[in-house]
Amino acid sequence: MFAEAPELKRPPWAGKDATATRKLLPILFAGAWVSSNKTDCEIVEQFARKTYDEVERDLTDLAAMTDPPVWSIGTYRGITCRRDALFAAHEAIVEKDILEFLEWAKIILSEDDPALDLEPVERWSAAIFQKKREVSGALHRAIGEMLVLLSVYGDQLFKDRIPHVVGHVERTVRELMSTNSSRELLSLAPDFQHLAEASPDAFLDCLETDLDRDQPQVLSLLRSVEAGSMDSPDRTPLLWALELLAWDEAYYLRVVRILAKLSLTDIDDNWVNKPEASLESLVSCWHPETTVEVNGRIQALQIIMRDFPTVGWRICLQQVDTGHRMANPNSRPTYRPIGLHGSRSVTHGELWQVVDASWALLLSAPNYTAQMIADLVQKIAWDDAPPEHSSKFATLLWDWSKTASDKDRASVVRALRTAGFSPDREVREGDSHLEIELRKIAARLQPTDIVEKHQWLFADSYVPESRAELLDEGFDFKTREAWISNRRSAAALEVYEAKGIDGIFQILEAGNASYALGWHLAKGLRDDAVSSTIIGLLERRTDSNILKVRSAITGLLFKNGDDGLCELAEAAIGALPRAKDQRDELLMEILLACPFEPFVWDMIEHSYQDHPARYWKQIVPVPWSRSTGESSRVIDRLLKAKRPRAAFAAIRYKVDEIDARAVARVLDALTTGSDEEPGTYPIDGYAIESALTHVHEKKAMSVDELARLEYVFIDALRHSKYGIPNFQRRVAENPASFVELVVLLYKRKDGGEDPKQFRLPEGADVSSIVHNVYSTLEKVARTPGSSDDGTIKVDALIDWVREARRMLIELSREGIGDQCIGQLLGKCPSGSDGIWPHEAVRMALERVGNEAILTGMGLAVYNSRGVVMRGPGGDQERALASKYDGWAKAVAPQYPVAAKLLRSIAEHYERDARWHDTDENVRKRLGRH
């Protein structure tokens, strides 16, 4: 804009001759497209009002000019700088051009996304399922970008010659966003940023209207993402669109209200980009992602707290947090001249203005729940609240306590304890006025209900240290543990004496320290009272609390330690009702509550002969380290109860200390089915690997038996160090084992029927079998004809290949079978000369190699590369191509077939290099990363 020379102000193609400019217009409106996409070409034809071949010729002419306005890379076509081109060519644009473009924009941007036919976790693979839009992504994005350009610069460029360009764009955006269908909104979501920047008012109007409905469609974008999958949030484009508008003060408060309303929807996933995170970034005290001044951000906080109090509460709590925090840059407009330089620097004064305003809002809420008070306690304790706010909080807390329920008071006292304001702590020198005051209030807040008063001691198995204790340099953990133990014992007995078993049961159900509750209660009870307490707890058990009840009974039984446990258990059993059905059920519960130890097993087998079978059917084994005899006993009993998964869980942590033959029995039983519920005792790969390694090293099973187990547990072993050595050995020695895998995985070429020994039995789980076969075939890497020391016998290798091919031809799988043979040979090591493949494989290829085997070996090489960290362009692939080409030249005189293979691999990587070069250039042109 500061240039004086005409040739710098206007490029050569925009001179007096309008021919070049008219050729450019359809390319300007299209922006970018893919020439191999039929729909793209048809749309470009409509913009140009001529055939696509003519457009290609025009593009070629323009590309030949000095400072060309267009580019062509591979099958991609586009305009070099769209904004400059619009400014240079706008005089040649007429109203009809713009109106026709806007009609096409509505058609293109409203195109349904077929990927939505798939489940969210499968949408990443939409291209594999041919669920793609007809219009390419390049053209789709370019159309949205042109809407923005026309909106931002249209009235400035066209003035009265083409009136109301901005209004036309706004109407287009409004029509696109006015949808009653969640699917249409999801299809449009990738264009939200362009639509928002093109017409902020229309975009926000449509969102506000939708959110005022009884069932807003926009909320469908806020679904939770499935954990541990390839799923990704649908909400991201919406949040980015709102973030880019929030840079402008004119739209800031509207965006704040929309994000606050969206934040009311619970999103249960671990992704950071949620409406509340975007909202917090707009009012942040230290790193606001907006150009709005501090007073505007404080006003936003006040609005959120007033109209959306639950959201406002969480946002204000974040502002008064003095801990370490992290901020991410928000989306910014591309063409609108706002937020171009990112967020403005915040002074310390502005930061504290927001913090003070947040404290004022937190301390002036109309109503407070116990959780809100607990939140404030934590902030007062840990975040150095200014004195005036701390003092106001003390007054607020006392006023709140006058009408609070016992349960709420107990909850707040627990928070005060953790924060260091315990009513039990004596006043010390150096304590602040606030600390003394809050301890006094905590003492007054103590609940009158005895259960609520002592619930804090049994909320969790470990009573956490308070802030004051953690900051005390002379703090003695052992002394504190003894104090907590005494308090627990006294509290449990006090509750028992005041409310009996009902009071104990209340504490048990509300907390997560049932064992500690039982153990500490037992210390104050006589043995006969222990029995009645055990029976009382059992009479109150339900399916939801049975584990807590058992744990409490375990604690009660340990009153006198291991030595007296059996006596207490037998005493409780002796006090059970006489009715057999009721007695048997309660008796079994007592036995299951006993510790998983040999002396308990002895008691059960000697005194309750009718119950051992039921006991071993139900007991949850504890995987402690045990003697060989004890472990064998556990294995015997659990396998007899048809619970191999439970048996494996009991030995998994010390499997190498157990007799390998016993471990082999468990592994074998795991493959033959059980009476256990599906999903119980999940088996992890590391434990399976440890068990197989132990059995393999001790030779507790034959090669064939271990090979079978390796096949069954292939998923657990895919990434293990152990691998599948026995299965690989069997395949390397016996081509029939290899052929069996190929036959199970691939169908016959002639459509005939396989011999009976190769058919799956009726009712077999075909999906699981195919999965295991594929995984095993992929894992097998030992070269046929090789010995344990790695040497490969050429004759043995050739015989193996010939026999495997003979069998595969008989079973009508010669083509795919040869490829599978090739993939196995492709996993061979390099030779003694450092060149791949090994010399023995090179020799074998000269005698038995064919095109299908070479293709398979090439696939093995490509697949072995795995995931790579990419640099720019195809430099990595060119290096690989050079390596394989050099090897081809080195072996060509002696091994022409191997040289042919190596050359084909080099050519493959060379093609890949060119593709990556093209992709890199296209990414740069389209502004993708």
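## The largest cavity

Pro623, Trp624, Ser625, Arg626, Ser631, Ala650, Ile651, Tyr653, Lys654, Glu657 and Ile658 line the largest cavity. A cavity here is a set of points, on a 1 Å grid over the protein atoms alone, where a 1.4 Å probe fits but cannot get out, and a lining residue has an atom within 4 Å of a point. The space inside comes to about 50 Å³; grid points are joined across faces, edges and corners, and the volume is the space filled by probe spheres set on the points. Sorted by class, the lining has 6 nonpolar, 2 polar and 3 charged residues. Nonpolar covers Ala, Val, Leu, Ile, Met, Phe, Trp, Tyr, Cys and Pro, charged covers Asp, Glu, Lys and Arg, and the others, Gly among them, are polar.

A word on the model: it is predicted, with local features needing pLDDT of at least 70 and side-chain atom pairs counting only at pLDDT 80 or more, while totals for chains, interfaces and linings use all residues. Residues are numbered from 1 along each chain as its sequence is written, and side-chain values use heavy atoms, with hydrogens and water left out.

## The second largest cavity

Helices are DSSP runs (H or I, at least four residues), numbered from the N terminus. By class, this lining splits into 6 nonpolar, no polar and 3 charged residues.

## Helix H12 and its glutamate

Next up is H12, a mostly covered helix: 9 of its 10 residues are buried, where buried means under 20% relative accessible area, exposed means over 50%, and partly exposed is in between (1.4 Å probe, protein chains only). Thr236, Pro237, Leu238, Leu239, Ala241, Leu242, Glu243, Leu244 and Leu245 make up the buried set. They pack against helices H10 (192–198), H11 (200–211), H13 (249–262) and H14 (275–283), with contact meaning heavy atoms within 4.5 Å.

Glutamate 243 sits in this helix, H12 (residues 236–245). Leaving out neighbours within four places in sequence, glutamate 243 touches Ser278, Asn330 and Ser331.

Most residues other than glycine have a negative phi, and most peptide bonds are trans. Lysine 159 has a positive phi of about 50° without being a glycine, and histidine 164 has one of about 60°, again not a glycine. Lysine 159 is in the loop between helix H7 (137–158) and helix H8 (165–177), and histidine 164 lies in the loop between H7 and H8 as well. Lysine 159 counts as exposed because its relative accessibility is 58%; for histidine 164 the value is 58%, so it counts as exposed too.

The peptide bond from tryptophan 836 to proline 837 is cis, with omega near 0°. Proline 837 belongs to the loop between helix H42 (814–825) and helix H43 (839–848).

Technical notes:
On a 1 Å grid over the protein atoms alone, a cavity is a set of points where a 1.4 Å probe fits but cannot get out, and a pocket is an open set with protein on both sides within 12 Å along at least five of seven lines; lining residues have an atom within 4 Å of a point. Helices (H or I, at least four residues) and strands (E, at least two) are DSSP runs, numbered from the N terminus.
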